[in-house]
Structures are given as structure tokens and as C-alpha cells.
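Subject: Structure for your review

Dear colleague,

Please find the structure below, handed over for your own work.

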Amino acid sequence: MRIILLGPPGAGKGTQAQYLVETYGIPHLSTGDMLRSAVAAQTEIGKKAEALMTAGQLVPDDVVAGIVAERLERPDCKTGFILDGFPRTLVQAQELHKILRAAAMPIDVVISLQVDEHALGNRIEGRAMEARAAGREVRSDDNPEVLKRRVSEYNGKISPVVEYYDSLGLLHAVNGMGDIAAVSSLIDAILSSTRFSINSGQQIADRFK
Ligand code: AMP
């Protein structure tokens with residue numbers, strides 16, 4: 001199963017991705033995590049990304065598409081993957097399309113987690129508190145000012161991505177306001193029906209049109 005999870009910061013993408021990793025045994029590809037590792041390791045990409053991330057701004061499309069392309073080549077992606085936090089712009093969606101077409105690996109389903117924007121602040125605050133309690137470092141962008149910027153970046157750039165996947169018939173909106181298990185079961189229902197339609201045999205070449 002090749003899955004894209006869309007949703008603003010704090011929508012629960014990471015939590016649901018974890019559930020999908022355990023249920024389907026496919027890897028979780030979070031561009032935020034990849035970029036944070038690059039920052040921690042102070043690679044060239046990490047150095048370019050650091051200030052933008054701390055300010056809640058997007059890292060350039062070509063940089064992010066490059067790290068995703070590299071990650072998708074790894075053998076664990078052959079049976080599927082969950083993309084979290086990518087694509088975030090139409091250019092990234094188009095780049096992803098090219099990468100996946102070359103690999104004959106079409107996206108099966110796009111899940112868009114819908115959340116009330118007022119809840120996002122509380123969720124991010126909860127995430128920071130959990131990290132503190134567990135003795136982990138709090139993300140430098142998990143604070144109210146930067147969150148505002150991240151949500152506005154998300155909202156400003158995601159509409160064409162949503163429209164793009166909708167036009168391909170891949171988009172499913174999911175109410176992300178329930179508890180974790182309730183949201184997971186909504187996603188499960190979508191994945192079951194997606195799996196059924198994939199198995200009913202459309203050719204890969206047709207799925208790239
Ligand atoms: P996230 O963990 O998905 O909330 O991402 C944290 C930060 O990493 C974002 O605020 C951006 O600065 C950067 N980032 C993650 N994914 C992308 C992406 N697809 N395009 C551009 N920047 C990204």
C-alpha cells in the first residue's frame with residue numbers, strides 16, 4: 001500500500017502513521033523527521049534547512065524532493081510506504097509523480113486529516129509536554145508563534161495539492177477530531193476499500209494517467 005497522509009501540524013499524522021506501520025508493516029517516511037536528522041547531523045541539507053524550519057517556513061521543493069527520491073529507492077519501500085509531510089506543494093506533488101512513475105509505483109490513496117484549527121495549539125502543546133516529561137528535546141518549532149506560521153504555510157500551499165489528488169480520484173477526507181483509535185478505524189475502512197479496488201485490477205500504466 002502506498003499512502004500519503006495530509007494534514008496541518010498537530011493533525012495526528014505521525015500518530016496515525018505509527019499505527020499504519022504496525023498494522024501494514026510498511027515504512028513511515030516523514031520529511032520533517034528526515035530534515036530534523038539532517039539538521040542534527042549538520043549535513044549540507046541540514047545546514048540549509050535549519051533556519052527555515054526554526055522559522056516555520058518550508059524548505060525548498062528541490063531539496064525535499066531530493067531526500068524523498070533517495071529514500072524511496074531503499075528496498076523497504078518496495079512493498080509500500082506512508083508519506084507524512086510530503087508533498088506540501090503542487091511542485092512537490094508533481095515531482096513525486098515523476099519519481100513514482102519512473103519506479104512504476106503509483107500512489108494508492110491520499111488521506112487528508114481534517115481538524116479544527118483551534119485544537120492544533122493544544123495538541124502541539126501536549127506534544128511538547130510529553131517530550132519534556134520523557135526527557136526528550138522539545139522541537140524548536142513546537143511553540144505557539146511558529147505553529148501559527150506553520151499552519152499558515154500549510155493552508156497557503158496545500159489547496160492545489162488537495163485538488164490535484166482529488167482530480168485523480170485518490171483523495172479521502174477523514175475527521176481527525178476523534179480519539180486515536182476512532183481515527184485509525186476510519187482510515188482502516190478507507191484502506192480496505194482501496195485494497196479491494198486495487199485488487200480488482202487496473203493496470204499500473206493506467207493509474208499514472
Ligand atoms: P513536520 O515535522 O512535517 O511538521 O515538518 C517540520 C518542518 O520541516 C516544516 O515546518 C518545514 O520547515 C520542514 N518540512 C517538512 N516537510 C517539508 C516539505 N514537504 N516541504 C518543505 N518543508 C518541509
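How do the residues of the lining of the largest cavity divide into nonpolar, polar and charged? Eight are nonpolar, two polar and two charged, where Ala, Val, Leu, Ile, Met, Phe, Trp, Tyr, Cys and Pro count as nonpolar, Asp, Glu, Lys and Arg as charged, and the others, Gly among them, as polar.

Please note that this is a predicted model, in which local features need pLDDT of at least 70 and side-chain atom pairs count only at pLDDT 80 or more, while totals for chains, interfaces and linings use all residues. Residues are numbered from 1 along each chain as its sequence is written, and side-chain values use heavy atoms, with hydrogens and water left out.

Cavity

One cavity of 30 Å³ or more is found in a search of the whole structure. On a 1 Å grid over the protein atoms alone, a cavity is a set of points where a 1.4 Å probe fits but cannot get out, whereas a pocket is an open set with protein on both sides within 12 Å along at least five of seven lines; lining residues have an atom within 4 Å of a point. Grid points are joined across faces, edges and corners, and a volume is the space filled by probe spheres set on the points. The largest cavity has a volume of about 50 Å³, and its lining includes Leu 5, Lys 13, Arg 88 and Tyr 154. Strand S1 (2–6) and helix H7 (144–167) are the elements that give two or more residues to this lining; helices (H or I, at least four residues) and strands (E, at least two) are DSSP runs, numbered from the N terminus.

Second largest pocket

The second largest pocket holds about 430 Å³ of space. Of its 23 lining residues, Ile 107, Asp 108, Leu 168, Leu 170 and Arg 207 lie nearest its centre. Helix H5 (90–102), H7, helix H8 (180–199) and helix H9 (204–207) each give two or more residues to the lining, which has twelve nonpolar, seven polar and four charged residues.

Leu 29

Leu 29 belongs to strand S2 (residues 28–30) and is buried, at 0% relative accessibility (buried means under 20% relative accessible area, exposed over 50%, partly exposed in between; 1.4 Å probe, protein chains only). Beyond its neighbours within four places in sequence, the contacts of Leu 29 (heavy atoms within 4.5 Å) include Met 34, Leu 72, Phe 81 and Asp 84.

Yours sincerely
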